[in-house]
Amino acid sequence: MAQGARRTVRQSIGVAGLAVGVALFLSVAAMRHGFFDLGVYYGAIRYWVHDGGEIYDFLRPFTQYGFTYPPFAALVMLPMAYVSWTVAIVLSVSASVAVTLVLFWWLLDPISRRAGWTRWFAIAVAFCLVAAYEPMRETVNFGQVNMLLLFLVAVDLLRLLPSGSRWAGTTIGLATAIKLTPGIFIVYLLVTGRWRAAVTAMGTAAGATLLAAALFPDASREFWTEALWNTNRVGELSFVSNQSLRGVVARLNPEDPSTVAWLGLVVAVLALWAWRARSAVAVGDEATGLALTGVLMCLVSPVTWVHHLVWLLPALILLLDNAMAAPVGSRRRRWLLAALGIAYAFLISRIVWAWERDFTGIDGFLGSNTYVWISLALLAFLPIRTVADRAGAGTAGQEKSEQTRTGVVPVT
């Protein structure tokens, strides 16, 4: 058997073994939410279209949860009114899987080329590992839209903006019109001086919002005047799943969380983010700008449920990128891989849920906010690489790949 064929067989066996291991892990660790959030979307859209009710009046039976997204999101989800529940589930899962694979291709392919990895093998391993990642498995099992929004933002920052496209900002605008929190990426464009893309994003978000208002004036009026401000529709701020700075403050005093303390923390992390994001863009590291802003969004949003932490994925992948760009055996590579391993281990562990019922005391403060501490560490310490660093690492990777392909290794 040729060397390439043997390598393929070994990799196939490795991926199969990893997939079995992840499946066993999920059988024990994964919670079954029965596509709860998708059920809210599905029920609200059908109530709106078929029963003649207002979409923001709908509450899932026996809960306080209703449709919380802007009217443009309802327009995007409108086809759900005409498909069965099973089809809605299939579409939700398939869409999340598809965009995840594309994002992995964009972010992992440079690492694969640099390290001389087989591309399909790198994607397959990453896909198995992300299946165990708690925010991803929660996103899929709740039927959430997080990965679709991350994909829309990544289209802009990883493809349209670097290429100088006149459409840069469009997909960030669409993401913002679907759910308000991606609007932080418009702030990112402004802070880093990409005025045209920022104006395009704002124009797109405004245009989509006005289109929804023209089509659904009553729903738009209710959302912007009532539903947007009804915090009871999203759950308790102190609930341990809320892994934002607001959640940290709320768990210190669930009865009367300090808004002043929260705003002070928000201002501090905004300042840190602005400095680091501008530094990343100044050296052309747009991927790190995406990663840092995704982390910031999770920290400053009043509500960041665990499934929202899929926005940390670019930062985790870039930790691997930076580690593999460092010299083999170097302290930098060891430290970065250790940091990635520790962060990933915590983020698959459901550790915060150990304090779901009682988050008092020092252990409760530290443990119930574990994912917030990881987010803060990523915001503060995710490396920023210059164009020269990336080019140099790419050249080294190409040489290694060529040596692997030909079997010729230089004598040193």
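**Exercise 1. Salt bridges**

How many salt bridges does the rule give, a salt bridge being a side-chain nitrogen of Lys or Arg within 4 Å of a carboxyl oxygen of Asp or Glu? Work through the pairs R113 with D109, E134 with R350, and E286 with R194.

Solution. 

Step 1. The count comes to 7 salt bridges. The model is a predicted one, in which local features need pLDDT of at least 70 and side-chain atom pairs count only at pLDDT 80 or more, while totals for chains, interfaces and linings use all residues. Residues are numbered from 1 along each chain as its sequence is written, and side-chain values use heavy atoms, with hydrogens and water left out.

Step 2. Between R113 and D109, the closest N and O atoms of the salt bridge are 3.2 Å apart. Both residues lie in helix α4 (residues 85-115), 4 residues apart, about one turn of the helix. Helices here are DSSP runs (H or I, at least four residues), numbered from the N terminus.

Step 3. Buried means under 20% relative accessible area, exposed over 50%, and partly exposed in between (1.4 Å probe, protein chains only). R113 counts as partly exposed because its relative accessibility is 37%. D109, at 12%, counts as buried.

Step 4. E134 and R350 meet through their side chains in a salt bridge at 3.7 Å, N to O. This pair links distant parts of the chain: E134 is in helix α6 (residues 134-142) and R350 in the loop between α16 (331-347) and α17, 216 residues apart. Both E134 and R350 are buried.

Step 5. E286 and R194 form a salt bridge at 2.9 Å, N to O. E286 lies in helix α14 and R194 in the loop between α9 (184-191) and α10, so the pair ties together parts that are 92 residues apart in sequence. E286 is buried at a relative accessible area of 13%, and R194 is buried at 16%.

**Exercise 2. Two helix pairs**

At what angles do the axes cross for α1 with α5 and for α10 with α11, and which residues make the contacts?

Solution. 

Step 1. Axes are lines fitted to C-alpha atoms, for helices over the stretch in contact, and angles run from 0 to 180 degrees between N-to-C directions. Angles under 35 degrees count as roughly parallel, over 145 as roughly antiparallel, 65 to 115 as roughly perpendicular, and the rest as oblique.

Step 2. The axes of α1 (residues 3-29) and α5 (residues 119-132) come within 9 Å and cross at roughly 5 degrees. Therefore α1 is roughly parallel to α5.

Step 3. Contact means heavy atoms within 4.5 Å. From α1 the contact takes T8, Q11, S12, V15, L18, A19, V22, F25 and L26, and from α5 it takes W120, F121, A124, V125, C128, L129, A131 and A132.

Step 4. For the classes, Ala, Val, Leu, Ile, Met, Phe, Trp, Tyr, Cys and Pro count as nonpolar, Asp, Glu, Lys and Arg as charged, and the others, Gly among them, as polar. The contact of α1 with α5 has 14 nonpolar, 3 polar and no charged residues.

Step 5. For α10 (residues 195-215) and α11 (residues 217-225), the axes come within 5 Å and cross at roughly 120 degrees. Therefore α10 is oblique to α11.

Step 6. In α10, T209, A212, A213, A214 and L215 meet P217, S220 and W224 of α11. By class, the contact of α10 with α11 has 6 nonpolar, 2 polar and no charged residues.

**Exercise 3. Helix α12 and residue S375**

How many residues of α12 are buried, and what does S375 touch?

Solution. 

Step 1. Helix α12 (residues 245-252) has 7 of its 8 residues buried. These are L245, R246, G247, V248, V249, A250 and R251.

Step 2. What covers them includes α13 (259-282), α14 (286-300), α17 (361-368) and α18 (370-381).

Step 3. S375 lies in helix α18 and counts as buried, at 0% relative accessibility. Its side chain reaches the backbone oxygen of Y371 at 3.0 Å.

Step 4. Leaving aside residues up to four places away in sequence, S375 touches V295, L299, L309 and L312.

**Exercise 4. Positive phi**

Where is F62 placed, and is F62 buried or exposed? Treat R350 likewise.

Solution. 

Step 1. Most residues other than glycine have a negative phi.

Step 2. F62 is not a glycine, yet its phi is positive, about 65 degrees. F62 is in the loop between α2 (36-50) and α3 (71-77), and counts as exposed at 90% relative accessibility.

Step 3. R350, also a residue other than glycine, has a positive phi near 60 degrees. R350 is in the loop between α16 and α17 and is buried, with a relative accessible area of 17%.

Note on methods
Polar contact = N/O pair within 3.5 Å; in protein donor to acceptor, adjacent residues only side chain to side chain.
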